[in-house]
Amino acid sequence: MRSEQEANLAIERYADTVRRLCMIHLKNHADTEDIFQTVFLKYVLSSVVFESEEHERAWFIRVTINACKDWLKSFFRSRTVCLDQLIEKPADLSPDHQEVLEAVLSLPAKYRDVVYLHYYEEYTAVQIGRILGKNVNTIYTLLNRSKKILREKLGGDEDEG
Amino acid sequence: MKDKIKTAFESVHAEETLKADTKAFLAEKMQRHPGRRTALHRRWIPVMAACFILIFAGFGSYQAYFTPTSVISIDINPSLEVSVNRFDRVISIEGYNDDGKALASSLHIRFMNYTEALEQILASEPIAACLEQNEILSVTVVGGDTAQSGQILSQVESCTAGQKNVHCASLTEEEAASAHECGLSYGKYQAYLTVQALDPDITPEQIQHMTMREIRDLIASLSQSDADTAASTAAQNGDHHTQSAGHRYQDEENKRVHHP
(Lines give C-alpha, C1' and ligand atoms only; values in the text may rest on other atoms or scores of the structure.)
Protein backbone atom coordinates (compact mmCIF):
# COMPACT_ATOMS: atom_id res chain seq x y z
CA MET A 1 0.00 0.00 0.00
CA ARG A 2 1.30 3.45 -0.88
CA SER A 3 1.58 6.18 1.69
CA GLU A 4 -0.92 8.94 2.32
CA GLN A 5 1.68 11.38 1.03
CA GLU A 6 2.01 9.48 -2.25
CA ALA A 7 -1.77 9.33 -2.58
CA ASN A 8 -2.19 13.06 -2.03
CA LEU A 9 0.58 13.81 -4.52
CA ALA A 10 -1.08 11.58 -7.12
CA ILE A 11 -4.41 13.31 -6.56
CA GLU A 12 -2.86 16.72 -7.18
CA ARG A 13 -1.08 15.46 -10.27
CA TYR A 14 -3.78 13.39 -11.96
CA ALA A 15 -7.10 14.57 -10.52
CA ASP A 16 -7.92 16.69 -13.57
CA THR A 17 -7.08 13.87 -15.98
CA VAL A 18 -9.26 11.39 -14.10
CA ARG A 19 -12.02 13.97 -13.80
CA ARG A 20 -12.05 14.64 -17.52
CA LEU A 21 -12.16 10.95 -18.39
CA CYS A 22 -15.02 10.46 -15.95
CA MET A 23 -16.85 13.30 -17.62
CA ILE A 24 -16.42 11.62 -21.01
CA HIS A 25 -17.89 8.33 -19.83
CA LEU A 26 -20.24 8.88 -16.93
CA LYS A 27 -23.70 10.27 -16.61
CA ASN A 28 -23.75 12.16 -13.36
CA HIS A 29 -21.56 13.67 -10.71
CA ALA A 30 -22.32 10.98 -8.15
CA ASP A 31 -20.97 8.28 -10.44
CA THR A 32 -17.97 10.47 -11.17
CA GLU A 33 -17.22 10.78 -7.47
CA ASP A 34 -17.40 7.01 -7.04
CA ILE A 35 -15.11 6.25 -9.94
CA PHE A 36 -12.73 9.07 -8.97
CA GLN A 37 -12.29 7.57 -5.51
CA THR A 38 -12.08 4.04 -6.89
CA VAL A 39 -9.25 4.97 -9.26
CA PHE A 40 -7.16 6.58 -6.54
CA LEU A 41 -7.87 3.71 -4.17
CA LYS A 42 -6.59 1.32 -6.83
CA TYR A 43 -3.49 3.47 -7.08
CA VAL A 44 -2.93 3.31 -3.33
CA LEU A 45 -3.36 -0.45 -3.26
CA SER A 46 -1.36 -1.10 -6.40
CA SER A 47 2.18 -2.41 -6.15
CA VAL A 48 3.10 -1.32 -9.68
CA VAL A 49 6.47 0.36 -9.84
CA PHE A 50 6.28 3.18 -12.37
CA GLU A 51 9.25 3.72 -14.63
CA SER A 52 8.40 7.36 -15.27
CA GLU A 53 5.71 9.98 -14.84
CA GLU A 54 4.51 9.17 -18.36
CA HIS A 55 4.15 5.53 -17.37
CA GLU A 56 2.18 6.59 -14.29
CA ARG A 57 -0.08 8.91 -16.27
CA ALA A 58 -0.81 6.21 -18.84
CA TRP A 59 -1.67 3.86 -15.92
CA PHE A 60 -4.19 6.36 -14.54
CA ILE A 61 -5.79 6.86 -17.94
CA ARG A 62 -6.15 3.13 -18.56
CA VAL A 63 -7.48 2.39 -15.07
CA THR A 64 -9.98 5.26 -15.21
CA ILE A 65 -11.33 4.21 -18.61
CA ASN A 66 -11.63 0.58 -17.49
CA ALA A 67 -13.32 1.59 -14.23
CA CYS A 68 -15.84 3.72 -16.12
CA LYS A 69 -16.59 0.92 -18.56
CA ASP A 70 -17.05 -1.58 -15.75
CA TRP A 71 -19.38 0.81 -13.97
CA LEU A 72 -21.44 1.45 -17.08
CA LYS A 73 -21.88 -2.29 -17.74
CA SER A 74 -23.96 -2.46 -14.60
CA PHE A 75 -26.47 0.26 -15.66
CA PHE A 76 -28.83 1.05 -18.49
CA ARG A 77 -28.68 4.77 -19.13
CA SER A 78 -29.35 7.12 -21.89
CA ARG A 79 -26.18 7.87 -23.78
CA THR A 80 -26.93 11.55 -24.03
CA VAL A 81 -27.00 13.72 -20.99
CA CYS A 82 -26.90 17.39 -20.28
CA LEU A 83 -23.60 18.93 -19.31
CA ASP A 84 -25.00 20.31 -16.09
CA GLN A 85 -25.38 16.76 -14.79
CA LEU A 86 -21.72 16.04 -15.37
CA ILE A 87 -20.05 19.12 -14.04
CA GLU A 88 -20.83 20.57 -10.66
CA LYS A 89 -20.61 24.15 -11.79
CA PRO A 90 -21.48 24.25 -15.45
CA ALA A 91 -21.84 28.00 -15.23
CA ASP A 92 -18.05 28.23 -14.92
CA LEU A 93 -17.67 27.07 -18.49
CA SER A 94 -17.78 29.51 -21.31
CA PRO A 95 -20.44 28.92 -23.98
CA ASP A 96 -17.79 27.94 -26.50
CA HIS A 97 -16.31 25.37 -24.19
CA GLN A 98 -19.72 24.04 -23.33
CA GLU A 99 -20.53 23.61 -26.99
CA VAL A 100 -17.29 21.76 -27.68
CA LEU A 101 -17.64 19.50 -24.70
CA GLU A 102 -21.23 18.68 -25.52
CA ALA A 103 -20.17 17.84 -29.06
CA VAL A 104 -17.51 15.49 -27.74
CA LEU A 105 -19.93 13.93 -25.32
CA SER A 106 -22.40 13.29 -28.07
CA LEU A 107 -19.88 11.05 -29.83
CA PRO A 108 -20.16 7.29 -29.40
CA ALA A 109 -18.12 6.19 -26.40
CA LYS A 110 -15.33 4.59 -28.43
CA TYR A 111 -14.58 7.95 -30.10
CA ARG A 112 -14.56 10.02 -26.94
CA ASP A 113 -11.45 8.43 -25.42
CA VAL A 114 -9.55 8.77 -28.64
CA VAL A 115 -10.56 12.43 -29.03
CA TYR A 116 -9.56 13.29 -25.48
CA LEU A 117 -6.27 11.44 -25.60
CA HIS A 118 -5.33 12.87 -28.96
CA TYR A 119 -6.55 16.44 -28.71
CA TYR A 120 -5.99 17.16 -25.06
CA GLU A 121 -3.35 14.71 -23.79
CA GLU A 122 -1.63 14.90 -27.21
CA TYR A 123 -0.83 11.20 -27.47
CA THR A 124 0.04 9.76 -30.84
CA ALA A 125 -2.09 7.07 -32.43
CA VAL A 126 0.54 4.48 -31.50
CA GLN A 127 0.52 5.60 -27.85
CA ILE A 128 -3.29 5.68 -27.78
CA GLY A 129 -3.39 2.17 -29.23
CA ARG A 130 -1.06 1.01 -26.44
CA ILE A 131 -3.13 2.67 -23.71
CA LEU A 132 -6.47 1.44 -24.99
CA GLY A 133 -5.20 -1.92 -26.14
CA LYS A 134 -6.32 -1.33 -29.69
CA ASN A 135 -4.67 -1.73 -33.06
CA VAL A 136 -3.07 1.51 -34.28
CA ASN A 137 -5.03 1.33 -37.53
CA THR A 138 -8.22 1.19 -35.51
CA ILE A 139 -7.11 4.34 -33.68
CA TYR A 140 -6.49 6.13 -36.97
CA THR A 141 -9.94 5.12 -38.16
CA LEU A 142 -11.58 6.31 -34.97
CA LEU A 143 -9.70 9.59 -35.09
CA ASN A 144 -10.68 10.26 -38.67
CA ARG A 145 -14.32 9.49 -38.09
CA SER A 146 -14.46 11.55 -34.89
CA LYS A 147 -12.88 14.49 -36.68
CA LYS A 148 -15.51 14.27 -39.39
CA ILE A 149 -18.37 14.22 -36.89
CA LEU A 150 -16.97 17.04 -34.79
CA ARG A 151 -16.32 19.15 -37.87
CA GLU A 152 -19.97 18.77 -38.79
CA LYS A 153 -21.11 19.67 -35.26
CA LEU A 154 -18.70 22.47 -34.50
CA GLY A 155 -18.18 24.13 -37.83
CA GLY A 156 -15.90 23.85 -40.75
CA ASP A 157 -12.44 24.57 -39.17
CA GLU A 158 -9.74 22.34 -40.64
CA ASP A 159 -8.05 20.01 -38.26
CA GLU A 160 -4.49 20.95 -37.60
CA GLY A 161 -3.39 17.54 -36.39
CA MET B 1 -10.67 22.49 -34.00
CA LYS B 2 -7.77 20.97 -32.11
CA ASP B 3 -7.25 24.11 -30.10
CA LYS B 4 -10.97 24.40 -29.42
CA ILE B 5 -11.12 20.88 -28.06
CA LYS B 6 -7.94 21.35 -26.05
CA THR B 7 -9.02 24.57 -24.41
CA ALA B 8 -12.47 23.16 -23.78
CA PHE B 9 -11.05 20.25 -21.86
CA GLU B 10 -8.57 22.59 -20.19
CA SER B 11 -11.47 24.30 -18.48
CA VAL B 12 -12.54 21.06 -16.83
CA HIS B 13 -10.93 20.51 -13.46
CA ALA B 14 -11.46 18.20 -10.57
CA GLU B 15 -13.42 20.12 -7.97
CA GLU B 16 -11.63 20.90 -4.73
CA THR B 17 -14.38 19.22 -2.73
CA LEU B 18 -13.99 16.12 -4.87
CA LYS B 19 -10.24 16.03 -4.19
CA ALA B 20 -10.70 16.70 -0.49
CA ASP B 21 -13.37 14.02 -0.16
CA THR B 22 -11.14 11.55 -1.99
CA LYS B 23 -8.17 12.33 0.25
CA ALA B 24 -10.33 11.76 3.32
CA PHE B 25 -11.71 8.55 1.82
CA LEU B 26 -8.21 7.21 1.15
CA ALA B 27 -6.93 8.22 4.59
CA GLU B 28 -9.76 6.28 6.21
CA LYS B 29 -9.06 3.24 4.05
CA MET B 30 -5.37 3.34 4.88
CA GLN B 31 -6.07 3.60 8.58
CA ARG B 32 -8.24 0.51 8.46
CA HIS B 33 -5.71 -1.59 6.56
CA PRO B 34 -2.23 -0.29 7.49
CA GLY B 35 -0.58 -3.69 7.01
CA ARG B 36 -1.42 -3.73 3.35
CA ARG B 37 1.33 -1.20 2.79
CA THR B 38 3.88 -3.99 2.84
CA ALA B 39 5.20 -5.11 -0.50
CA LEU B 40 4.22 -8.58 -1.59
CA HIS B 41 7.50 -10.23 -0.72
CA ARG B 42 7.65 -8.57 2.69
CA ARG B 43 4.14 -9.77 3.44
CA TRP B 44 5.25 -13.31 2.88
CA ILE B 45 8.40 -13.15 5.01
CA PRO B 46 6.65 -13.48 8.39
CA VAL B 47 4.39 -16.17 6.93
CA MET B 48 7.41 -18.13 5.68
CA ALA B 49 9.24 -17.57 8.95
CA ALA B 50 6.27 -18.98 10.84
CA CYS B 51 6.18 -21.96 8.46
CA PHE B 52 9.90 -22.63 9.02
CA ILE B 53 9.46 -22.42 12.78
CA LEU B 54 6.54 -24.83 12.61
CA ILE B 55 8.53 -27.21 10.42
CA PHE B 56 11.52 -27.15 12.75
CA ALA B 57 9.33 -27.44 15.84
CA GLY B 58 7.50 -30.30 14.21
CA PHE B 59 10.80 -31.92 13.27
CA GLY B 60 12.07 -31.46 16.82
CA SER B 61 8.91 -32.99 18.23
CA TYR B 62 9.18 -35.81 15.73
CA GLN B 63 12.76 -36.44 16.80
CA ALA B 64 11.82 -36.38 20.50
CA TYR B 65 8.92 -38.77 19.95
CA PHE B 66 10.86 -41.31 17.93
CA THR B 67 14.03 -41.35 20.05
CA PRO B 68 14.10 -44.44 22.31
CA THR B 69 15.00 -43.78 25.92
CA SER B 70 14.54 -47.32 27.26
CA VAL B 71 14.36 -50.82 25.84
CA ILE B 72 12.44 -53.75 27.27
CA SER B 73 14.00 -57.05 26.27
CA ILE B 74 11.62 -59.99 26.43
CA ASP B 75 13.14 -63.46 26.18
CA ILE B 76 11.54 -66.81 26.60
CA ASN B 77 12.54 -68.36 23.46
CA PRO B 78 11.13 -65.75 21.21
CA SER B 79 13.55 -62.90 21.85
CA LEU B 80 12.33 -59.44 21.13
CA GLU B 81 13.02 -55.91 22.20
CA VAL B 82 10.45 -53.18 22.66
CA SER B 83 11.81 -49.61 22.38
CA VAL B 84 10.08 -47.03 24.56
CA ASN B 85 10.28 -43.22 24.20
CA ARG B 86 10.34 -40.53 26.86
CA PHE B 87 6.55 -40.47 26.76
CA ASP B 88 6.40 -44.18 27.74
CA ARG B 89 5.14 -45.09 24.27
CA VAL B 90 6.33 -48.04 22.24
CA ILE B 91 8.05 -46.74 19.13
CA SER B 92 9.50 -49.95 17.74
CA ILE B 93 9.54 -53.69 18.25
CA GLU B 94 12.29 -55.98 16.92
CA GLY B 95 12.79 -59.72 16.99
CA TYR B 96 16.26 -61.18 17.70
CA ASN B 97 15.68 -64.73 16.61
CA ASP B 98 13.31 -66.42 14.19
CA ASP B 99 10.60 -66.92 16.80
CA GLY B 100 11.07 -63.35 17.99
CA LYS B 101 10.79 -61.93 14.47
CA ALA B 102 7.64 -63.92 13.85
CA LEU B 103 6.14 -62.70 17.12
CA ALA B 104 7.17 -59.07 16.47
CA SER B 105 5.46 -59.06 13.08
CA SER B 106 2.23 -60.37 14.58
CA LEU B 107 1.97 -57.74 17.31
CA HIS B 108 0.30 -54.35 16.85
CA ILE B 109 1.64 -52.50 19.84
CA ARG B 110 3.36 -49.49 18.28
CA PHE B 111 2.51 -46.18 19.95
CA MET B 112 0.85 -47.98 22.87
CA ASN B 113 1.83 -47.35 26.46
CA TYR B 114 4.47 -49.95 27.32
CA THR B 115 2.40 -51.55 30.10
CA GLU B 116 -0.46 -52.18 27.68
CA ALA B 117 2.06 -53.45 25.13
CA LEU B 118 3.60 -55.81 27.68
CA GLU B 119 0.17 -57.16 28.60
CA GLN B 120 -0.51 -57.86 24.92
CA ILE B 121 2.84 -59.63 24.57
CA LEU B 122 2.18 -61.79 27.62
CA ALA B 123 -1.27 -62.64 26.30
CA SER B 124 0.02 -63.50 22.82
CA GLU B 125 -0.25 -67.14 21.82
CA PRO B 126 3.48 -67.97 21.55
CA ILE B 127 4.31 -66.44 24.94
CA ALA B 128 1.28 -67.86 26.70
CA ALA B 129 2.05 -71.30 25.28
CA CYS B 130 5.68 -71.15 26.47
CA LEU B 131 4.66 -70.07 29.96
CA GLU B 132 2.19 -72.93 30.16
CA GLN B 133 5.04 -75.28 29.29
CA ASN B 134 6.97 -74.02 32.29
CA GLU B 135 9.40 -71.97 30.23
CA ILE B 136 11.16 -69.06 31.96
CA LEU B 137 10.33 -65.53 30.83
CA SER B 138 13.12 -62.98 31.24
CA VAL B 139 12.25 -59.28 31.09
CA THR B 140 15.25 -56.96 31.06
CA VAL B 141 14.98 -53.19 31.08
CA VAL B 142 17.85 -51.22 29.56
CA GLY B 143 18.07 -47.45 29.53
CA GLY B 144 20.27 -44.42 29.99
CA ASP B 145 17.59 -42.63 32.00
CA THR B 146 17.77 -44.48 35.28
CA ALA B 147 14.59 -42.82 36.53
CA GLN B 148 12.53 -44.03 33.60
CA SER B 149 14.24 -47.45 33.58
CA GLY B 150 13.52 -47.87 37.27
CA GLN B 151 9.89 -46.91 36.79
CA ILE B 152 9.54 -49.26 33.84
CA LEU B 153 11.10 -52.11 35.86
CA SER B 154 8.58 -51.51 38.66
CA GLN B 155 5.70 -51.47 36.18
CA VAL B 156 7.00 -54.62 34.51
CA GLU B 157 7.22 -56.39 37.86
CA SER B 158 3.62 -55.36 38.58
CA CYS B 159 2.47 -56.56 35.17
CA THR B 160 4.11 -59.91 35.56
CA ALA B 161 3.22 -60.38 39.20
CA GLY B 162 0.51 -62.85 38.30
CA GLN B 163 2.83 -64.95 36.16
CA LYS B 164 5.14 -67.67 37.39
CA ASN B 165 8.62 -68.28 35.98
CA VAL B 166 9.19 -64.60 35.24
CA HIS B 167 12.56 -63.03 35.81
CA CYS B 168 12.84 -59.22 35.77
CA ALA B 169 16.10 -57.33 35.76
CA SER B 170 17.68 -54.13 34.56
CA LEU B 171 20.89 -53.30 32.79
CA THR B 172 22.68 -50.08 32.13
CA GLU B 173 23.48 -49.09 28.58
CA GLU B 174 27.18 -49.72 29.24
CA GLU B 175 26.51 -53.23 30.47
CA ALA B 176 24.33 -53.99 27.48
CA ALA B 177 26.61 -52.26 24.95
CA SER B 178 27.80 -55.35 23.10
CA ALA B 179 24.52 -57.25 23.04
CA HIS B 180 23.42 -56.36 19.55
CA GLU B 181 26.91 -56.84 18.16
CA CYS B 182 26.58 -60.46 19.27
CA GLY B 183 23.17 -60.68 17.66
CA LEU B 184 21.48 -61.15 21.02
CA SER B 185 18.70 -59.26 22.76
CA TYR B 186 19.68 -57.56 26.00
CA GLY B 187 18.05 -60.25 28.12
CA LYS B 188 19.77 -63.11 26.36
CA TYR B 189 23.06 -61.22 26.34
CA GLN B 190 22.92 -60.93 30.11
CA ALA B 191 22.30 -64.68 30.30
CA TYR B 192 25.15 -65.26 27.83
CA LEU B 193 27.59 -63.35 30.02
CA THR B 194 26.56 -65.48 32.96
CA VAL B 195 27.11 -68.69 31.00
CA GLN B 196 30.36 -67.41 29.53
CA ALA B 197 31.75 -66.84 32.97
CA LEU B 198 31.17 -70.52 33.66
CA ASP B 199 31.99 -71.80 30.21
CA PRO B 200 34.24 -69.55 28.11
CA ASP B 201 33.68 -71.71 25.08
CA ILE B 202 30.00 -70.87 24.85
CA THR B 203 29.15 -68.77 21.77
CA PRO B 204 26.40 -66.19 21.25
CA GLU B 205 25.00 -68.32 18.41
CA GLN B 206 24.47 -71.23 20.79
CA ILE B 207 22.70 -68.99 23.29
CA GLN B 208 20.58 -67.43 20.55
CA HIS B 209 18.87 -70.74 19.82
CA MET B 210 18.35 -71.73 23.46
CA THR B 211 15.27 -70.95 25.50
CA MET B 212 15.71 -69.09 28.75
CA ARG B 213 14.78 -72.26 30.58
CA GLU B 214 17.59 -74.12 28.82
CA ILE B 215 20.05 -71.30 29.59
CA ARG B 216 19.02 -71.29 33.25
CA ASP B 217 19.37 -75.02 33.40
CA LEU B 218 22.79 -74.73 31.79
CA ILE B 219 23.85 -72.15 34.31
CA ALA B 220 22.61 -74.35 37.07
CA SER B 221 24.46 -77.38 35.75
CA LEU B 222 27.66 -75.47 35.13
CA SER B 223 27.41 -73.97 38.58
CA GLN B 224 26.82 -77.37 40.12
CA SER B 225 29.78 -78.79 38.27
CA ASP B 226 31.94 -75.98 39.51
CA ALA B 227 30.66 -76.46 43.00
CA ASP B 228 31.49 -80.14 42.86
CA THR B 229 34.96 -79.32 41.56
CA ALA B 230 35.53 -76.65 44.19
CA ALA B 231 34.27 -78.89 46.98
CA SER B 232 36.56 -81.64 45.84
CA THR B 233 39.50 -79.27 45.70
CA ALA B 234 38.62 -77.79 49.09
CA ALA B 235 38.37 -81.23 50.57
CA GLN B 236 41.79 -82.01 49.21
CA ASN B 237 43.13 -78.66 50.48
CA GLY B 238 41.13 -78.70 53.74
CA ASP B 239 39.23 -75.42 52.88
CA HIS B 240 35.47 -75.65 53.48
CA HIS B 241 34.65 -72.05 53.07
CA THR B 242 35.58 -71.39 49.48
CA GLN B 243 32.68 -70.53 47.35
CA SER B 244 32.76 -71.46 43.74
CA ALA B 245 32.52 -68.85 41.06
CA GLY B 246 29.45 -70.68 39.94
CA HIS B 247 27.75 -70.31 43.32
CA ARG B 248 28.67 -66.63 43.45
CA TYR B 249 27.17 -66.10 40.02
CA GLN B 250 24.10 -68.15 40.96
CA ASP B 251 23.75 -66.05 44.12
CA GLU B 252 23.87 -62.90 42.04
CA GLU B 253 21.23 -64.38 39.78
CA ASN B 254 19.09 -65.32 42.77
CA LYS B 255 19.19 -61.72 44.01
CA ARG B 256 17.70 -60.56 40.74
CA VAL B 257 14.94 -63.16 40.61
CA HIS B 258 11.73 -61.60 41.78
CA HIS B 259 9.41 -64.42 41.08
CA PRO B 260 9.99 -68.10 41.98
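In the predicted model, a salt bridge connects the side chains of B:Lys19 and B:Glu16, with a nitrogen-to-oxygen distance of 3.2 Å. Both residues belong to helix α2 of chain B, where they are three residues apart, about one turn of the helix. An α-helix has 3.6 residues a turn, so residues three or four places apart point the same way. B:Glu16 is exposed, its relative accessible area being 56%, whereas B:Lys19 is buried at 8%.

B:Lys19 also takes part in a salt bridge with A:Glu12, for which the closest N and O atoms lie 3.4 Å apart. Because A:Glu12 is located in helix α1 of chain A and B:Lys19 in helix α2 of chain B, this pair joins two chains. A:Glu12 has a relative accessibility of 44% and therefore counts as partly exposed, the range for that class lying between 20% and 50%. A salt bridge is likewise formed by A:Glu12 with B:Lys23, and here the closest N and O atoms are separated by 2.6 Å. This pair, too, joins two chains, since B:Lys23 lies in helix α2 of chain B and A:Glu12 in helix α1 of chain A. B:Lys23 is partly exposed, with a relative accessible area of 24%. Through shared partners, the salt bridges link A:Glu12, B:Glu16, B:Lys19 and B:Lys23 into one network.

The wider interface was then examined. Between chain B and chain A, four salt bridges are counted, and the count over all chains is seven. Polar contacts across the interface of chain B and chain A involve 10 residue pairs, with both residues at pLDDT 80 or more. On the side of chain B that touches chain A, the elements giving two or more residues are α1 (2–10) and α2 (16–32) of chain B. Of the elements, α2(B) contributes the most to this side, with 11 residues. By residue class, the side of chain B that touches chain A comprises 11 nonpolar, seven polar and 12 charged residues.

In total, 30 residues from chain B and 44 residues from chain A take part in the contact. The size of an interface is often given as the accessible area lost when the parts come together. For chain B and chain A, the buried area is about 3,600 Å², and carbon and sulfur atoms give 66% of it. B:Met1, B:Lys2 and B:Phe9 account for 23% of the area that chain B buries against chain A, more than any other three residues.

Packing around helix α4 of chain A (residues 95–105) includes elements from both chains. The buried residues of this helix are A:Val100, A:Leu101, A:Ala103, A:Val104 and A:Leu105.

In chain B, helix α5 (residues 114–123) has B:Tyr114, B:Thr115, B:Ala117, B:Leu118, B:Ile121 and B:Leu122 as buried residues. These residues lie on the same side of α5(B), because they cover an arc of only 160° around the axis. The elements of chain B that cover the buried residues of α5(B) include the strands β1 (68–75), β2 (79–85), β3 (90–95) and β4 (137–143). The helices α6 (125–132) and α7 (146–159) of chain B are also among the elements covering them.

A further local feature concerns B:Gly144, which is situated in the loop between β4 and α7 of chain B. B:Gly144 is partly exposed, with a relative accessible area of 46%. Apart from its neighbours within four places in sequence, B:Gly144 is in contact with B:Thr69 and B:Glu173. The C-alpha atoms of B:Gly144 and B:Pro68 are separated by 9.9 Å, the two residues being 76 residues apart along the chain.

Key. Residues numbered from 1 in each chain as written. Chains lettered and ligands numbered in written order. Predicted model: local features only at pLDDT ≥ 70, side-chain atom pairs only at ≥ 80, totals over all residues. Heavy atoms only, no water. Contact = heavy atoms within 4.5 Å. Buried area = accessible area lost by both parts, 1.4 Å probe. Polar contact = N/O pair within 3.5 Å; in protein donor to acceptor, adjacent residues only side chain to side chain. Helix = DSSP H or I, 4+ residues; strand = E, 2+ residues; numbered from the N terminus. Nonpolar A, V, L, I, M, F, W, Y, C, P; charged D, E, K, R; others polar. Buried < 20%, exposed > 50% of the residue type's maximum accessible area, 1.4 Å probe, protein only. Arc of directions from axis to C-beta.
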